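Take a look at the structure below. We will go from annotated spans to pairs of aromatic rings.

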Amino acid sequence: MNLHFPTAFQELTPQLLKALGVVASLTLAGFALALVIAMLIALGRLSQSRFLDRILIVFLEIVRGTPLLVQLLYVYYVLPELIKLIMRIWIPDYQLTISAFTAGVIGLGINYGCYMSEVIRSSIAAIDKGQTEAALALGYTNRQAMWNIVIPQSFRISLPTLANYFIMMIKDTSLVAFITLQEIILTTQSYASQTFLTIESYTLAALAYLILSIPLGQGVRILERRLNRHV
Amino acid sequence: MSNPMIEVEKLHKSFGQNEILKGITLTIEKGEKVVIIGPSGSGKSTLLRCLNYLELPTAGTVKINGEYFVEPGKKYNENHVAKLRTNIGMVFQRFNLFPTMTALENVMAALTKVRQKSTTEARQIATRYLEKVGLADRMNHYPSQLSGGQQQRIAIARSLAMEPEAMLFDEATSALDPELVGEVLNVIRELAEEGMTMVLVTHEMSFAQEVGDRVIFMDDGLIIESGSPDQLFRNPQHDRTKTFLQRLKH
Ligand SMILES: Nc1ncnc2c1ncn2[C@@H]1O[C@H](COP(=O)(O)OP(=O)(O)OP(=O)(O)O)[C@@H](O)[C@H]1O
Ligand SMILES: [Mg+2]
């Protein structure tokens, strides 16, 4: 059996680079959304409202109890239909389509937002109550104490874990292939099926992920060391 | 007519079913130094924490400089409470410095955030108060790089920088190694000499005797007895005070 790495490299790499761009922007947008969702859920659960806490727990159970792939399919195929169904009560010929990219951002954002909310919530809960009290005694309002004193400290605790979630998300963007987004896997698949260079193509695809994840993983370790310097 | 610094009236505080403060009425004049003593669990810290509303009273009122934290019949207003708190500094047993900030940043934080001072002005003020507690040379150290005594002095500087009219000390030296107690007491003593209104919870009886204008003995959520240090330590009137002071000697 002959391997044709030079050919595969020459032909597939330009396509993979483009796909890498898609993966990068999908991850950046998805992670930004996940952070916002995670923060909202964490603060909601730490608020005084028992009711809000219950609702959020149910939401978390649903998201954590179903596979990310199912959620992506749901956001891409089902969600627009549901919204149309509801909107047509008022606007008879309401239309809605969302792109695979948007669906990917929403799906990844919600899924990761739920997992990351627990990281943020526990890191906020881990901050000594004395920190808030010292701030309040100095005249901070509760909100100021939370945002200026507690959250920055909790962020240091959660940053390495969140960074690992970021790297995980890069890898999980491969699932967005199932909703037709031309990312690394779909690009590789179509090239491999045209050329039958299966081994070469998928090896290159794996390398494409490693190019992103290995340096980032190193970065997280350095970050962790720097953050722990004074605490 | 005198214009008291702190006025506490019929103060009650419960945690769940547990009534910790059972009706405290207390007036603290400007410049007065009041020391609170009493057995563990008698409610000293809880009372102190009610004085700046870190703990919300279950009933009763607290006034600072004639102003209610929460006026009777009115609703709790967070901004008003926060504003009143800037008039009273509090020093905690466990310092509670912000660990991710240097000493200087610790003292500057509330000046910029709460007092809305510019960074330049905040740095000037902070430096002045760090000098006052003798730690200007440590201003770029993080709390973890400082001894307990130094941390507590930074915490005092942080409170003083807000230029409060009164200071609350909750066992400011009891988390310290014995050899570090003195440097913190010196700072507090100096503050007392400058005329700062102070309420101190302490187990340092000789210090209480030295700086206190009035000593209050608390037990089981009530003020049992209060008087000048001489009177209370040499000639206590109540059995419970006698028993408490007796036990301290051993
Ligand atoms: N947040 C709280 N929730 C429930 N109970 C509390 C709380 N804070 C204090 N207590 C209880 O109130 C009682 C009085 O506590 P407090 O800390 O005021 O006593 P203290 O006189 O300062 O004692 P010590 O000398 O040990 O510091 C204790 O029995 C304590 O368990
Ligand atoms: Mg106490």
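How far apart do the end C-alpha atoms of residues 162–181 of chain A lie? They lie 25 Å apart. The span is 55% helix and 0% strand. These values come from a predicted model.

The UniProt record, an unreviewed entry, marks residues 162–181 of chain A as "transmembrane region". The same annotation covers residues 20–43, 55–76, 96–115 and 201–223 of chain A. Residues 20–43 of chain A are 100% helix and 0% strand. Their end C-alpha atoms are 34 Å apart.

Now turn to the rings. A pair of aromatic rings is described by the distance of the centres and the angle of the planes. Over all chains, the structure holds five aromatic pairs. One of them joins Phe31(A) and Phe166(A). Phe31(A) belongs to helix H1 (residues 5–46) of chain A, and Phe166(A) to helix H6 (residues 142–172) of chain A. The two are 135 residues apart, so the pair links distant parts of the chain. Both Phe31(A) and Phe166(A) are buried.

Chain B has a pair too: Phe217(B) and Phe244(B). Here the ring centres are 5.2 Å apart and the planes stand at 40°, so the pair is tilted. Phe217(B) lies in strand E9 (residues 214–219) of chain B, and Phe244(B) in helix H9 (residues 239–248) of chain B. The pair therefore ties together parts that are 27 residues apart in sequence. Phe217(B) and Phe244(B) are both buried.

Arg158(B) lies over the face of Phe98(B), 4.5 Å from the ring centre.

Note on methods: Residues are numbered from 1 along each chain as its sequence is written. Chains are lettered from A and ligands numbered from 1 in the order in which they are written. This is a predicted model: local features need pLDDT of at least 70, side-chain atom pairs count only at pLDDT 80 or more; totals for chains, interfaces and linings use all residues. Side-chain values use heavy atoms; hydrogens and water are left out. Rings of Phe, Tyr and Trp (its six-membered ring) pair if their centres lie within 6.5 Å; planes under 30 degrees apart count as stacked, over 60 as edge-to-face and the rest as tilted. Helices (H or I, at least four residues) and strands (E, at least two) are DSSP runs, numbered from the N terminus. Buried means under 20% relative accessible area, exposed over 50%, partly exposed in between (1.4 Å probe, protein chains only). A charge sits over a ring if NZ of Lys or CZ of Arg is within 6 Å of the ring centre and within 35 degrees of the ring normal. UniProt positions are given in the numbering used here, feature names are shortened, and annotations may be inferred rather than shown by experiment.
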